[in-house]
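Here is a walk through a structure, written for someone who likes to know the cut-offs behind the words. Keep the viewer open and follow along.

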Amino acid sequence: MSEIDEKLRTELQRQGIWVTSMQELYNWGRKNSIWPLQFGLACCAIEMIATAASRYDIARFGGEVFRPSPRQADLMIVAGTVTKKMAPQIVRLYNQMADPKYVIAMGACAISGGPFKQGYNVLKGIDRYIPVDVYIPGCPPRPEALLHAFMELQRKIDGQKLTGTDKAEFLKPEQLSEFPVPKFGEHDLEPPANRDVFQPPKLERV
Amino acid sequence: MTEMHPHPYLFIVIFIGVALAFPLVPLALAWAWRRFFQPPKPGAEKNATYECGVESIGEAHIQFQSQYYLYAIIFLIFDVEAVFLVPFAVAFTGLPVGAFVAILIFLLLLIEGLAWAWGKGCLQWAR
């Protein structure tokens with residue numbers, strides 16, 4: 001909150017008085033109860049399961065409630081190779097999640113196709129169809145890496161604003177929460193990428 | 001004296017109040033949140049009935065063929081037979097004659113069912 005001086009706030013906290021704002025309270029609740037969608041695609045899912053189990057224990061961050069329904073989930077962890085057969089289902093599941101929703105692309109495959117990039121059946125990154133919030137490199141990433149991504153996502157949620165012109169995207173009425181589901185074409189998915197979402201940086205050779 | 005002690009059933013009224021407020025207050029908060037902050041974003045996919053990611057195709061009102069009762073009967077014959085034969089085999093040496101005859105009659109009933117099903121041609125693979 002910008003209205004209160006940080007030093008005054010610390011001083012008040014020292015006296016046992018906690019000053020907060022609606023936005024902070026809301027984001028604090030949201031970031032500590034991120035419910036992921038319970039689905040895994042490939043070997044990264046094993047690491048995701050390990051993250052949820054007792055040794056790494058994602059419950060420490062409030063993310064242990066893996067939901068089997070997209071209606072109840074806040075976070076989609078795309079854990080593994082996305083085949084072209086599976087991509088429409090993933091986009092459809094993402095569309096069915098309630099706002100606000102977030103996506104973590106876990107591992108090299110979910111980011112770019114990874115070691116299977118040359119495969120005719122592999123989607124070269126899920127960010128071609130849905131917006132990704134956090135990317136985790138690795139093949140597969142260790143559970144600590146997933147926890148790190150989770151913390152990064154929490155940081156992002158914490159910084160989202162509820163009001164003003166720079167408020168969070170999901171609060172803007174004009175921002176759509178559904179993305180077109182690709183269809184199976186003759187050789188590839190149609191369209192091969194959603195240009196509204198997928199804007200890779202252009203390489204310029206000098 | 002009556003003023004010092006409240007009505008003995010007052011606590012039930014308080015309980016009802018708390019029980020109503022406990023679910024209603026969060027629901028009201030959620031409603032107010034949706035009303036003032038979160039713009040609704042319905043869509044064809046979001047409002048779809050099924051949520052497994054795969055589009056539903058065809059009719060939901062399909063019928064199973066009534067001939068499945070034959071499979072059920074045959075399953076019953078072999079399943080019940082196995083359930084009773086195992087304890088029968090375990091207790092075989094210590095059984096009196098009466099029990100032995102009883103289990104043989106029981107087996108005969110099941111074998112009769114099997115013979116009936118066999119004669120009816122149920123053991124042939126699906127036509």
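A:Pro191 sits in the segment after strand S5 (189–190) of chain A, where strands (E, at least two residues) and helices (H or I, at least four) are DSSP runs numbered from the N terminus. A:Pro140 belongs to the loop between S3 and H6 of chain A. For background, most peptide bonds are trans, and most residues other than glycine have a negative phi. A:Asp57 has a positive phi, near 55 degrees, and you'll find A:Asp57 in the loop between H3 and S1 of chain A.

Before going further, some bookkeeping: this is a predicted model, in which local features need pLDDT of at least 70, side-chain atom pairs count only at pLDDT 80 or more, and totals for chains, interfaces and linings use all residues. Residues are numbered from 1 along each chain as its sequence is written, while chains are lettered from A and ligands numbered from 1 in the order in which they are written.

A:Lys183 lies in strand S4 (residues 183–184) of chain A. Leaving out neighbours within four places in sequence, A:Lys183 is in contact with A:Leu189 and A:Glu190; contact here means C-beta atoms, placed from the backbone, within 7 Å. Is A:Lys183 buried or exposed? A:Lys183 has 9 other C-beta atoms within 10 Å, so it is exposed. The scale calls a residue buried at 20 or more other C-beta atoms within 10 Å of its own, exposed at 12 or fewer, and partly exposed in between, again with C-beta atoms placed from the backbone. By that count A:Asp57, with 14 C-beta neighbours inside 10 Å, is partly exposed. For a sense of distance, A:Lys183 and A:Ile4 are 52 Å apart, C-alpha to C-alpha, and 179 residues apart in sequence.

Now zoom out. Chain A has six helices and five strands, and from the N terminus on they run α-α-α-β-α-β-α-β-α-β-β. The C-alpha atoms fill a box of roughly 65 × 45 × 40 Å along the principal axes. Of the 206 residues of chain A, 34% count as buried.

What order do the strands of the open sheet take? The three strands go S1-S2-S3 in chain A, with parallel pairing; to count as paired, two strands need at least two DSSP bridges between them. S1 and S3 of chain A are at the edges with a single partner strand each, so each has one side without a neighbour in the sheet. Neighbouring strands are turned by 15 degrees against each other on average, direction ignored, using axes fitted to C-alpha atoms (for helices, over the stretch in contact) and angles from 0 to 180 degrees between N-to-C directions.

S1(A) and S2(A) share five bridges, with A:Val78 opposite A:Ala105. H6(A) packs on the sheet, touching S2 and S3 of chain A, and its direction makes about 165 degrees with that of S3(A). S2(A) and S3(A) are joined by three bridges, and A:Ile104 has A:Val134 as its bridge partner in S3(A).

Five of its five residues are buried, so S2(A) is largely enclosed by the rest of the structure. A:Tyr102, A:Ile104 and A:Met106 point one way from S2(A), with A:Val103 and A:Ala105 pointing the other way.

A:Val78 touches A:Leu41, A:Ile90 and A:Ile126, among others.

Definitions and conventions
Contact = placed C-beta atoms within 7 Å.
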